[in-house]
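This briefing covers how two parts of one chain meet. Look over the sequence and the model first.

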Amino acid sequence: MSTPIFLKQHAYESFPQNGVVAYFSMEIAINPGMPTYSGGLGVLAGDTLRSAADLGTPLVAFTLLHRKGYFRQHLDAQGKQTEDIQPWIVEDYCTEEAPRVTVTVEDRTVTLRAWRYDMAGRAGHVIPIYLLDTDLPENSPWDRSLTDHLYGGDSNYRLQQEIVLGMGGVRILNALGHRVNVYHMNEGHAAFLTLALLEAQLGGGPLNKVTPVDVNAVRQKCVFTTHTPVPAGHDRFSIEQSNRILGYERTARLQSLGCCHEGMLNMTYVALVFSRYVNGVALQHGNVSREMFPEYKIDSITNGVHAPTWLSPQFQELLDKTIPNWRRDNLYMRNAIEIPLPDIIAAHAQAKETLLAEVASRTGLVLNPKVLTLGFARRAATYKRADLLFADPERLLEVAKSAGGLQILYAGKAHPMDEPGKALIHSVIEKAQKYSGVDLRVVYLENYDWQLGALLTAGVDVWVNTPKRPYEASGTSGMKAALNGVPSLSILDGWWIEGCLEHYTGWAIEDGDDDAAEATSLYEKLENAVVPLYLKSPEAWGHLMRTTLAYNGSYFNTNRMVKQYIRNAYYPVSLVTPSEVRETVGVNS
Ligand SMILES: *Cc1c(COP(=O)(O)O)cnc(C)c1O
């Protein structure tokens, strides 16, 4: 049994003396060697934990093991995506914990265990991440596979996984001896944890005896972050499915407590009903979420990224030399406004060279480091409109000519079941082949992941984002770019509404009535703002890079974000009495 984590003497923030935050997420980008994430949600979870560890936050995390990973993407010459599983060696990264607990799935008893990964912060504070695993001999072959595939299988598989994550997670947490002050559901996938808490609250007594006092007791312990306005991002299960897999009694109780919507069990409503604090992930996403769920009070805490994870080695060196305090407190990055321009220009040139060398080694294509280079990489979800840059290819060619050449680097996976997403990749690759030539060179890189993401966001000149409003809840890759001094050219959606200072951190693509109108704005911004500045002088561009880093790098990071979660979600002043708090401020550097 592992020991509970207590407040360390050197923590930056104020925490209750005992107990931890228990953070639950279906995916977490823990380590580049572990394919346990699919995209932004998992990267955010990983960056949250990295910053929480840096800040000395008493926190433990739960996810599924995903033994066979997300998937490795292959693209053939025509741009058709195929997928391979990505098994990884668990013992190389994690240590097995002794306890075994069980959950009931479809009248079967499923046994599970946890593997622990120790995530260490910069001053040595460790956040244990427990990866739940049902691959045990006492389980049937089907049940042994429940923790194999992230977002794999059908909705029956998903519902069973969510029982393992939520209910299994709470039980293993108790078996491990953690004392929990706050349960944080990072998205609705883990919302069955509230059911386990409710059953514990009733002492194992029948669920039909539940009172508002019991519900409130659970609510006081739970916080929930919703992550997307896209309907498919909110898990729903039919009542028949829920009766069969979760059980009739539990389903009936959740139904009577308001957890169903449009005749389906809705995991977002489960989380909303049982949480005392709810937030969206950017200012506008808070507004959109309040419109979607008008009966709930919803705050917003804008996402960030873990700066040391996403800054290129060159920029880290430069910051260490000029602003040594940046690692302790990312707000100091605002002082980057003083860094000499030649240093900024040189650091970016090196990051660009590293990226182009990687492109050459992967594809054999040698790109020109002097040529304006755009980056577009993210999951190939249709609302992100990866093909908007190609809405009018002739126009794009004109822009490329006026810039003395244009290079565009693409990457991104489509979910294996997402045919429209796959069609989008296919269409981009087809047009890239058709229109690439002397002036325009377009490359679609295979198998977008954490490491490729870091190279791209640091090494391109402009980061492009073209989501359909208002579906981008936040977006975080543009924040990674900003840290590296790379401006964004983006639709005013998600974080960019807060981050866009026209000409200082990038440019806004104007809202239009349809895709064509927004594509026109995209070309006009490229032609009238981006290209002239790029061609004007390295100093003019360097100035833009410096303000991008200073203004946006200093704010859109998880160092700031985790502090906001601590103060507003986990331990709002109103919930913590002075006698429970030991004030220990920043002696840890
Ligand atoms: C940062 C990141 C994302 C998130 O991208 P968005 O800009 O939020 O769409 C997705 N995938 C990987 C591999 C990333 O590193």
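A salt bridge here is a side-chain nitrogen of Lys or Arg within 4 Å of a carboxyl oxygen of Asp or Glu. Lysine 422 and glutamate 83 form such a pair, with 3.0 Å between their closest N and O atoms. The model is predicted. The protein splits into domain 1 (5–300) and domain 2 (323–556).

**Layout and contact**
- The C-alpha centres of domain 1 and domain 2 are 32 Å apart.
- On the domain 1 side, 35 residues are in contact with domain 2; on the domain 2 side, 33 residues take part.

**Buried area**
- Domain 1 and domain 2 bury about 2700 Å² between them.
- Carbon and sulfur atoms give 57% of that area.
- Within domain 1, the most area is lost to domain 2 by Gln73, Leu75 and Gln284.
- Together, Gln73, Leu75 and Gln284 account for 20% of what the domain 1 side buries.

**Polar links**
- The salt bridge count between domain 1 and domain 2 is 1.
- There are 13 residue pairs in polar contact across the interface of domain 1 and domain 2, with both residues at pLDDT 80 or more.

**Make-up of the domain 1 side**
- Two helices supply at least two residues each to the side that touches domain 2: H1 (40–54) and H9 (283–292).
- Strands S4 (72–75) and S5 (81–84) also supply at least two residues each.
- By class, the domain 1 side that touches domain 2 holds 17 nonpolar, 13 polar and 5 charged residues.

Notes. Residues numbered from 1 in each chain as written. Predicted model: local features only at pLDDT ≥ 70, side-chain atom pairs only at ≥ 80, totals over all residues. Heavy atoms only, no water. Domains from an automatic or database assignment. Contact = heavy atoms within 4.5 Å. Buried area = accessible area lost by both parts, 1.4 Å probe. Polar contact = N/O pair within 3.5 Å; in protein donor to acceptor, adjacent residues only side chain to side chain. Helix = DSSP H or I, 4+ residues; strand = E, 2+ residues; numbered from the N terminus. Nonpolar A, V, L, I, M, F, W, Y, C, P; charged D, E, K, R; others polar.
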